[in-house]
Every structure is written in structure tokens, then in C-alpha cells.
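I opened my notebook to look up a few things in this structure. My notes follow in the order I took them.

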Amino acid sequence: MSSKAQDDNVFKALAHPRRRALLDELKDAPRTTGMLCDAFPDMDRCTVMLHLKVLEDADLIVARREGRERWNHLNALPIKQIHERWISQYATHAISILDRLKSDLEG
């Protein structure tokens, strides 16, 4: 898969608030699909699994089977790559503007 297509998958996956909430649940430790369903009682199991599939397709989670359980692990690498490509460049620019503004105000 090309880098552009992968970026598109990551942005699409992160666009939905429920998928971001699922990632937040995985931030501290892996969770089984059942645990994630329990954490979101307003969503049925099928809906949770559909969101997990989108996250998995975007490589934001890695699922491992252990017996009958499916453990979902956060994969933060795609988010880090998005940050490096898109956010850090803009943050550097914003910092230089703020530094210039500070110098102008002090001078």
C-alpha cells in the first residue's frame, strides 16, 4: 500500500469520534473485544467490531488471538508518522512566528 493510501486510511479512521474513543481505551493496555464492548454499552458488539476493523485496516490496532479471546493492541506508529509528516512541520513554523512576535514586542 502506498504511503498516501495509508495516510488516507489513518485519517479516515481517526475522523470518527467513536474510533478515537476506542483508541483511547487501548492507550494504557490491550483490551479484548469483550472489554471494549463493555466500555461502550451504547454500541452493540457488531458496531464495535466494525469500528475495530476500520482501525485494523488503518494499522492503528493489531489484533492477536489467544484462545477464544481477541486482544486488541494499540499501534501508535501510524499516528507518529502522521505527526512527523504533517504536524511537526507546522508546529515548527508556528513556534518561529511566536518567537518573532515575542522579539517584536520586546524590542
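I started with Arg18, which is partly exposed, with a relative accessible area of 24%. The model I am reading is predicted. Next I looked up the partner of Arg18. Arg18 forms a salt bridge with Asp42, and the closest N and O atoms are 2.1 Å apart. Arg18 sits in helix 2 (residues 17-26), while Asp42 lies in the loop between helix 3 (33-39) and helix 4 (45-57), so the pair ties together parts 24 residues apart in sequence. Asp42 counts as exposed, at 55% relative accessibility.

**Other salt bridges**

How many salt bridges are there? I noted a count of six. One of them joins Asp7 and Arg85, with 2.4 Å between the closest N and O atoms. Asp7 belongs to helix 1 (residues 3-15) and Arg85 to helix 5, so this pair ties together parts that are 78 residues apart in sequence. Asp7 is buried, with a relative accessible area of 12%. Arg85 is partly exposed, at 41%.

I then turned to Asp57 and Lys53, whose side chains meet in a salt bridge at 2.9 Å, N to O. Both are in helix 4, four residues apart, which puts about one helical turn between them. Asp57 is partly exposed, with a relative accessible area of 40%. Lys53 is also partly exposed, at 45% relative accessibility.

**Cysteines**

I looked for disulfides and found zero. A disulfide needs the sulfur atoms within 2.5 Å. Cys37 is buried, with a relative accessible area of 13%, whereas Cys46 is exposed, at 52%.

**A nonpolar patch**

Which residues form the nonpolar patch on the surface? I listed Phe11, Trp86, Ile87 and Tyr90, with about 420 Å² of accessible area together. Helix 5 (residues 77-106) gives the most to this patch, with three residues. I checked Tyr90, which lies in helix 5. Tyr90 counts as exposed, at 53% relative accessibility.

**Thr32**

I found Thr32 in strand 1 (residues 31-32). Is Thr32 buried or exposed? Thr32 is buried, with a relative accessible area of 8%. The side chain of Thr32 reaches the backbone nitrogen of Met35 at 3.0 Å.

**The record**

Last, I checked UniProt. Its unreviewed entry lists residues 9-84 as "domain: HTH arsR-type". In the model, this span is 59% helix and 18% strand. I noted 17 Å between its end C-alpha atoms.

Notes. Residues numbered from 1 in each chain as written. Predicted model: local features only at pLDDT ≥ 70, side-chain atom pairs only at ≥ 80, totals over all residues. Heavy atoms only, no water. UniProt positions renumbered as here; feature names shortened; annotations may be inferred. Helix = DSSP H or I, 4+ residues; strand = E, 2+ residues; numbered from the N terminus. Buried < 20%, exposed > 50% of the residue type's maximum accessible area, 1.4 Å probe, protein only. Patch = residues over 30% accessible without salt bridge, like charges linked within 9 Å, V, L, I, M, F, W, Y side chains within 5 Å. Areas by Shrake-Rupley, 256 points an atom, 1.4 Å probe, with all protein chains shown as cover. Salt bridge = Lys/Arg side-chain N within 4 Å of Asp/Glu carboxyl O. Polar contact = N/O pair within 3.5 Å; in protein donor to acceptor, adjacent residues only side chain to side chain.
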